[in-house]
Amino acid sequence: MTEPAFLVLTALVGEPRHGYGIVREVEELSGGRVQLKIGTLYGVLDRLTDDGLVEFEREEVQQGRLRRYYRLTEPGAAALAAEAARLAGHAEAARARLRARQAWGTA
């Protein structure tokens, strides 16, 4: 799973969001490191929708603009949980090796 896909799924955990809301949430989740362009966002959303991890919920007109809202599906939540566990395992392996490195005195 790509980092943008992981962050988009994470952004949708709490509630359905429209495109700009997802972009803002991803930026916040990443501490400003990941700033999705709209074209990139909709490419990710199309792939996640095709995979059944996200689904279109509704459209609303706000200030003359159409906003499409997306929500996380149950398979999406399961995929996000699996990816979070995988990444946590990698992070723990890295921390363990860094602790061992320090113990060897090669810090």
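Me: Is Leu-12 buried or exposed?
Reply: Leu-12 counts as buried, because its relative accessibility is 2%. Buried means under 20% relative accessible area, exposed over 50% and partly exposed in between, with a 1.4 Å probe and protein chains only.

Me: What kind of model is this?
Reply: This is a predicted model, in which local features need pLDDT of at least 70 and side-chain atom pairs count only at pLDDT 80 or more, while totals for chains, interfaces and linings use all residues. Residues are numbered from 1 along each chain as its sequence is written, and side-chain values use heavy atoms, with hydrogens and water left out.

Me: Where is Leu-12, and what is it in contact with?
Reply: Leu-12 sits in the loop between H1 and strand S1 (17-18). Leaving aside neighbours within four places in sequence, Leu-12 is in contact with Arg-17, Ile-22, Val-54, Tyr-70, Arg-71 and Leu-72. Contact means heavy atoms within 4.5 Å. Helices (H or I, at least four residues) and strands (E, at least two) are DSSP runs, numbered from the N terminus.

Me: And Ile-22, what is that in contact with?
Reply: With neighbours within four places in sequence left aside, Ile-22 is in contact with Val-8, Ala-11, Leu-12, Arg-17, Leu-41 and Leu-45.

Me: Which residues touch the most other members of the largest nonpolar core?
Reply: Val-8, Ile-22, Val-26 and Leu-48 do, out of 21 residues in that core. H1, H2, H3 and S3 are the elements that give two or more residues to this core, and the largest share, six residues, comes from H1. A nonpolar core here is a set of buried Ala, Val, Leu, Ile, Met, Phe, Trp, Tyr and Cys residues joined through side-chain atoms within 4.5 Å.

Me: At what angle do H1 and H2 pack?
Reply: The angle is about 110°, with the axes 9 Å apart. That makes H1 roughly perpendicular to H2. Axes are lines fitted to C-alpha atoms, for helices over the stretch in contact, and angles run from 0 to 180 degrees between N-to-C directions. Angles under 35 degrees count as roughly parallel, over 145 as roughly antiparallel, 65 to 115 as roughly perpendicular and the rest as oblique.

Me: Which residues make the contact?
Reply: Leu-7, Val-8, Thr-10 and Ala-11 of H1 meet Ile-22, Glu-25, Val-26 and Leu-29 of H2.

Me: What about H2 and H3, at what angle do they pack?
Reply: H2 and H3 pack at about 100°, with their axes 10 Å apart, and are therefore roughly perpendicular to each other. Gly-19, Ile-22 and Val-23 of H2 make the contact with Ile-38, Leu-41, Tyr-42 and Leu-45 of H3.

Me: Which residues of H3 are buried?
Reply: Leu-41, Gly-43, Val-44, Leu-45 and Leu-48 are buried in H3. The buried residues of H3 pack against helix H1 (3-11), helix H2 (19-29), strand S2 (54-62) and strand S3 (65-72). Just after H3, Gly-52 has a positive phi of about 80°.

Me: Which residue other than glycine has a positive phi?
Reply: Gln-63 has one, with phi near 55°. Gln-63 lies in the loop between S2 and S3 and counts as exposed, at 83% relative accessibility.

Me: Last one. Where is Glu-3, and what does it touch?
Reply: Glu-3 is in helix H1 and is partly exposed, with a relative accessible area of 38%. Not counting residues up to four places away in sequence, Glu-3 touches Arg-33 and Val-34.
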